[in-house]
Structures are given as structure tokens and as C-alpha cells.
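Here is a briefing on one protein chain. Look through the sequence and the structure first, then read the points below.

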Amino acid sequence: MQATTTGSNRTGAATAAQRVREMLDANERWAPKTLPDTSLAEADRSLYIADSDAIGSIPPPATIQGVLKTGIHKLMGERPEMLMDKIGERIAFERSGTRLYDALIVKYRTLVDAGGDAALPLAEDSNADVLAALQEIRLEEHEHFLMLCEVMRSMGGDPTAQTPCAAVIATASMGLMQVVTDPRTTFAQSLNAMLTAELTDNAGWELLITMAQDAGENDMAERFEAALADEERHLATVRAWVQALALASKATTAA
Ligand SMILES: [Fe+2]
Ligand SMILES: [Fe+2]
């Protein structure tokens, strides 16, 4: 795999100054004098928004215990289905997170086997340290996924169901997997995608803790807080690695 180097990139306008002048001349001559009216396109979009169905629904509790539990909360004016929707979202994200780290570990191992310095140096860490840290984070993402599934079942929900927020986060984070599994991306580029994932992870757990506390589910909130503590470590590690690789003196091989 090639590291990030200077090459024959011709995507910028500066590579064709004469053509740019011609384009600007044509623009001067033919471009409309007033800003284009986009109101028809906007009206069309509004029509679809107004007419569309919801992106999904939250399945009804699958067990009697769950019916009772969610029923009690409903009487108290809570909305356990909102909490279930967000737990469904985190289930989807932690499952994807596990797979993202699986893919990142394959990338890292391959680069190290191919000669080492394409993926390193990460501060004072050895290859073995980096690999061990990646595997530990991967394990924790998976543990979070399993814990969330258990919580979902305890609420009478089905952890395999795709809730609306789970569907939305899956769409929003599709690019992350594409970056990490693209064979051309460097370890540093892949880590940058992981930084996005970990930032989202942290915000997601913070929200879930607040929602669990708000629903009076204190035991649940405590379990979520333990997961957030893990996520804070993930974020610190990934952020430090991204910085170390970006600042590495051997920039052409490390970045
Ligand atoms: Fe996570
Ligand atoms: Fe994480």
C-alpha cells in the first residue's frame, strides 16, 4: 500500500490555469444575472417530506414482563419507547463499532507484516502495544453491544429489531466502514474515520445516560456510565494516535 505522498493529482483548478480563464470568461458571458430560483426544487422536496411515511417503528414489547414494565412507565407519563429507540441505535452503533475495529486490526496487521513503518510510529508504542490496544477496544465495543442487548431484553424489547434511530445511524455512519475497508486507505486515514466514530460514541452514551436517569432507571444509567468511561478512553487513545501520525517526522510513510 502506498503511503500519502506527493503525486500527479490534477483535481485542482490550479493545474489548468488557461482552462480556468476560459471557464470564467464563459461564465461572465452566459451565467444568469440573478441568482437561480430554487423554490420549485424546495417545494418539491417539501412535498415529499409532507407525504412520506416514518423511517420505521419501535416494535411493541416482546414479553409479558416488558409489557408490564413499559405499561407502568406509561402510566407515569414516561415514554419508554423513546429510550428503546435510542438503545436500538446504540446496539446498531456498537455492533458496527466492533466490525470497524475488526477491519482496522486487519489493516494494521497487514501493514506491519508488510514492513512495519507504514503504520508506525505511534509515539513510543510498539506494534504489539498498538495491536493489543486495538484488540482491547474491539472487545469493549462488543461487550457494550452485548450489555445493551441484555438491557433491551430486560425492558421487554427485541435487540435484533432495527429501530428508527438504528436505521438512521446506520445510514449516517455508512462512510466510516467504507473508509476503513478501502484497501487503499492508510492506517492514519482509517484512524481518522474511527475518531468520528468515537466522538459519536461518546455523545451517544451521554445522551443515553441522561435518558435512563430521566426514566428513573438508575441501575441502567450506572451500566451506561461504565460504558461511557470506556468510550472516553477509546477517544483519548484514537485522538492521540491521529495526532502522533499527523505530526510524525517521517510524514511520507506515517501519514
Ligand atoms: Fe462504542
Ligand atoms: Fe468506542
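The chain averages a pLDDT of 87, and 85% of its residues score at least 70. pLDDT is the predictor's confidence in each residue, from 0 to 100. This is a predicted model: local features need pLDDT of at least 70, side-chain atom pairs count only at pLDDT 80 or more, and totals for chains, interfaces and linings use all residues. Residues are numbered from 1 along each chain as its sequence is written, while chains are lettered from A and ligands numbered from 1 in the order in which they are written.

**Confidence**
- Helix α7 (residues 174-181) has the highest mean pLDDT among the elements, 97.
- Helix α10 (residues 251-254) has the lowest, 45.
- Over residues 251-255 pLDDT stays under 50, and the model has 17 contacts beyond four places in sequence for them. Two residues are in contact if their C-beta atoms, placed from the backbone, lie within 7 Å.

**Overall fold**
- The chain has 10 helices and 0 strands. Helices (H or I, at least four residues) and strands (E, at least two) are DSSP runs, numbered from the N terminus.
- Of its 255 residues, 29% count as buried. A residue is buried if 20 or more other C-beta atoms lie within 10 Å of its own, exposed if 12 or fewer, and partly exposed in between; C-beta atoms are placed from the backbone.
- Among contacts between residues at least 6 apart in sequence, 79% join residues at least 24 apart.

**Helix α5**
- Helix α5 covers residues 127-154, and its end C-alpha atoms are 41 Å apart.
- G156 follows α5 and has a positive phi, near 90 degrees.

**Nonpolar cores**
- The largest nonpolar core has 21 residues, of which I87, I91 and M152 touch the most other members. Such a core is a set of buried Ala, Val, Leu, Ile, Met, Phe, Trp, Tyr and Cys residues joined through C-beta atoms within 7 Å.
- Two or more residues each come from α4, α5, α6 (164-172), α8 (187-214) and α9.
- Helix α4 gives the largest share of this core, 6 residues.
- Beyond four places in sequence, I91 is in contact with F145, L148, C149, M152, P159 and A166.
- Another core, of 20 residues, lies apart from it; A103, L111, I137 and L176 are among its members.

Key:
The expected span of a helix is 1.5 Å times one less than its number of residues.
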